[in-house]
Every structure is written in C-alpha cells, then in structure tokens.
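Subject: Handover of a structure

Dear colleague,

Please find below the sequence and the structure that I am handing over to you. My findings follow directly after it.

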Amino acid sequence: MEKKISKTEAFVAEDKGEVAGFANGGPERSGDYREYDGELYAIYLLEECQGKGAGRELVRQVAIALKKAGFRSLLVRVLRNNPSCHFYEALGGIRIGEEKIEIGGALHEEWVYGWPELNVLCDKGGVK
C-alpha cells in the first residue's frame, strides 16, 4: 500500500473550548529505524490537562491517521530526563534506541520509543 502522508498529520485537544494541546506525526524522518515507518514528531499538553486522557487520545488520533495512510509502526524521540518517558511506557512503547542531540550548544541524550504495531495505539482498549 502506498503511503498517502508525505508531511504531517496534526491534531488539537480542547478543554472548555480552548486549545489545550496538540500532537503531530508523519513518516519516520531519520531512516535509522527501518522497521519503524511512522513517527510522532511532537506532542504537547497543558499541565492542568495532563492525566485526563487527552494525551492518550492525541497519540491515538495520530496513530489512526498514519494507519489509514498505510503506515504500520511508530516511534518517538524524547529527552532521557523528560518525565513523559513514563507516558510512552504506559502506552506500551518499548525503548529501541538512544541518540545524542545538540540543544543550545549542549549535548543531550534522547531515548527512542517504538511501537512495532500501530494497532495497539489505535484501539481505545489497547491504550492504558
């Protein structure tokens, strides 16, 4: 199946009619993880809206869009000391790699989490 997404898919979470967060994703950009064809590029959720299921739903919507476009797997890169690492682990992500990234002249470590099958993220029952 030819993949129909060439750039990104983006989704917005709302709380009381206001934007509370967003997520976007598309094709895996580095080519370093050939068994993973999709990537969650970014996700952000206001702190007061965290822990209520909006983050899980944002990831689910990105996964659904990628699956519909013919993608089969997903990865995300996250700074090692970011508390959201637990979020990705709770979603069933497995750590598949480590990378170095330069931010503001300083070297930081990123962990790469992967989901070999998008189905686990697409099914509401499969996302814990």
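Two residues are in contact when heavy atoms of theirs lie within 4.5 Å. Please bear in mind that the model is predicted. Of the contacts in the protein chain with a separation of 6 or more, 58% are between residues 24 or more positions apart.

Overall architecture

The protein chain has three helices and six strands. Along the principal axes, the C-alpha atoms fill a box of roughly 40 × 40 × 25 Å. Of the 128 residues, 41% are buried. The chain exposes about 7700 Å², and carbon and sulfur atoms supply 49% of that area.

The sheet

Strands of a sheet pair through backbone hydrogen bonds, in either a parallel or an antiparallel manner. Here, six strands form an open sheet in the order 1-2-3-4-6-5, and the pairing is mixed. At the edges are strand 1 (9-15) and strand 5 (94-103), each of which pairs on one side only. On average, neighbouring strands of this sheet are turned by 25° against each other, direction ignored.

The antiparallel pairing of strand 4 with strand 6 (residues 106-115) runs over six bridges. Leu79, for instance, has Glu110 in strand 6 as its bridge partner. Helix 1 (residues 54-68) packs on the sheet, where it touches strand 1, strand 2 (18-27), strand 3 (38-45) and strand 4. The direction of helix 1 makes about 155° with that of strand 3.

The aromatic residues

The structure contains four aromatic pairs. In one of them, the ring centres of Tyr88 and Trp115 are 6.4 Å apart and the ring planes stand at 70°; planes over 60 degrees apart count as edge-to-face, so this pair is edge-to-face. Tyr88 belongs to helix 2 (residues 85-90) and Trp115 to strand 6, so the pair ties together parts that are 27 residues apart in sequence. Tyr88 and Trp115 are both buried. Together with Phe87 and Tyr113, they form one aromatic cluster.

Yours sincerely,
A colleague

Technical notes:
Residues numbered from 1 in each chain as written. Predicted model: local features only at pLDDT ≥ 70, side-chain atom pairs only at ≥ 80, totals over all residues. Heavy atoms only, no water. Pairing = 2+ DSSP bridges. Helix = DSSP H or I, 4+ residues; strand = E, 2+ residues; numbered from the N terminus. Axes fitted to C-alpha atoms, helices over the stretch in contact; angles between N-to-C directions. Buried < 20%, exposed > 50% of the residue type's maximum accessible area, 1.4 Å probe, protein only. Areas by Shrake-Rupley, 256 points an atom, 1.4 Å probe, with all protein chains shown as cover. Phe/Tyr/Trp six-rings, centres within 6.5 Å; stacked < 30°, edge-to-face > 60°.
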